[in-house]
Amino acid sequence: MNTRIKTLNPETTTGKSKELFDAVQNKLGFIPNLIKVFGNSPATLQTYLSLGELTASGNFSNKFREQLALAIAEENECNYCLSAHTAIGKMNGLTDAETEQNRQGLATDEKVQAGLNFAQSITKNRGVVSSDEIAAAKIAGYNDSDILEIVLNVVSNTLTNYVNHIANTEVDFPSVEAGKFTVKA
């Protein structure tokens, strides 16, 4: 693979990026290639990690955040994030069938479905959503706080999607490709 932004070696990285790499290593047990790319800019890496902490402290379960990440990554056609969130989603209780559905913006639960629809619309339309879309999210049970947290999840995931597109980050999870489904909805 021809990466376009250097993937740093944690063994030779120093300074703030090394501190952040060590924190990720301690938390996950490894340092994903995306983190090694982000390390080129300690400010960007710190922002990404802070966004992750903030989304984790919000209203949504880990499972729902993974469902959002899958829908957003598919909308942005980010193979790295689809691969990572397929693996992480399994660790958070998603079945293979749910993962494929969520990537297509589908869910069996009506509230989850509405959240995925809203997140994909925000992503696709760069934040320009209709009053009807906001009303549909509210009818499904999302309040103003939840709507803003869906936006936060879109922003956090779009950051990683875009960095992976720009860097051409080497996938270090079992590979998943955008638009390739076992069963199409």
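1. Glu74 lies in helix 4 (helices are DSSP runs of H or I with at least four residues, numbered from the N terminus). The model is predicted, so local features need pLDDT of at least 70 and side-chain atom pairs count only at pLDDT 80 or more, while totals for chains, interfaces and linings use all residues. Residues are numbered from 1 along each chain as its sequence is written, and side-chain values use heavy atoms, with hydrogens and water left out.

2. Glu74 is buried, with a relative accessible area of 11% (buried is under 20%, with a 1.4 Å probe and protein chains only). Leaving aside residues up to four places away in sequence, Glu74 touches Leu82, Arg103, Ala178, Gly179 and Phe181 (contact is heavy atoms within 4.5 Å).

3. The largest pocket has a volume of about 970 Å³ (a pocket is an open set of points on a 1 Å grid over the protein atoms alone, where a 1.4 Å probe fits, with protein on both sides within 12 Å along at least five of seven lines; lining residues have an atom within 4 Å of a point). Its lining has 34 residues, and Lys27, Leu28, Tyr48, Gly52 and Ile88 are the closest to the centre. Two or more lining residues come from each of helix 1 (15-28), helix 2 (33-38), helix 3 (42-56), helix 4 (62-75), helix 5 (79-91) and helix 9 (144-167).

4. Helix 3 gives the most to the lining of the largest pocket, with 8 residues. By class, this lining has 20 nonpolar, 10 polar and 4 charged residues (Ala, Val, Leu, Ile, Met, Phe, Trp, Tyr, Cys and Pro count as nonpolar, Asp, Glu, Lys and Arg as charged, and the others, Gly among them, as polar).

5. For the second largest pocket the volume is about 160 Å³. Of the 12 residues lining the second largest pocket, Asn79, Tyr80, Asn168, Thr169 and Val171 lie nearest its centre. Helix 5 and helix 9 are the elements that give two or more residues to this lining, which divides into 5 nonpolar, 6 polar and 1 charged.

6. Helix 5 and helix 9 pack at an angle of about 130 degrees, with their axes 8 Å apart (axes are lines fitted to C-alpha atoms over the stretch in contact, and angles run from 0 to 180 degrees between N-to-C directions). Tyr80, Cys81 and His85 in helix 5 meet Asn157, Thr160, Asn161 and Asn164 in helix 9. The residues of this contact are 2 nonpolar, 5 polar and no charged.

Note on methods. Points joined across faces, edges and corners; volume = space filled by probe spheres on them. Buried < 20%, exposed > 50% of the residue type's maximum accessible area, 1.4 Å probe, protein only.
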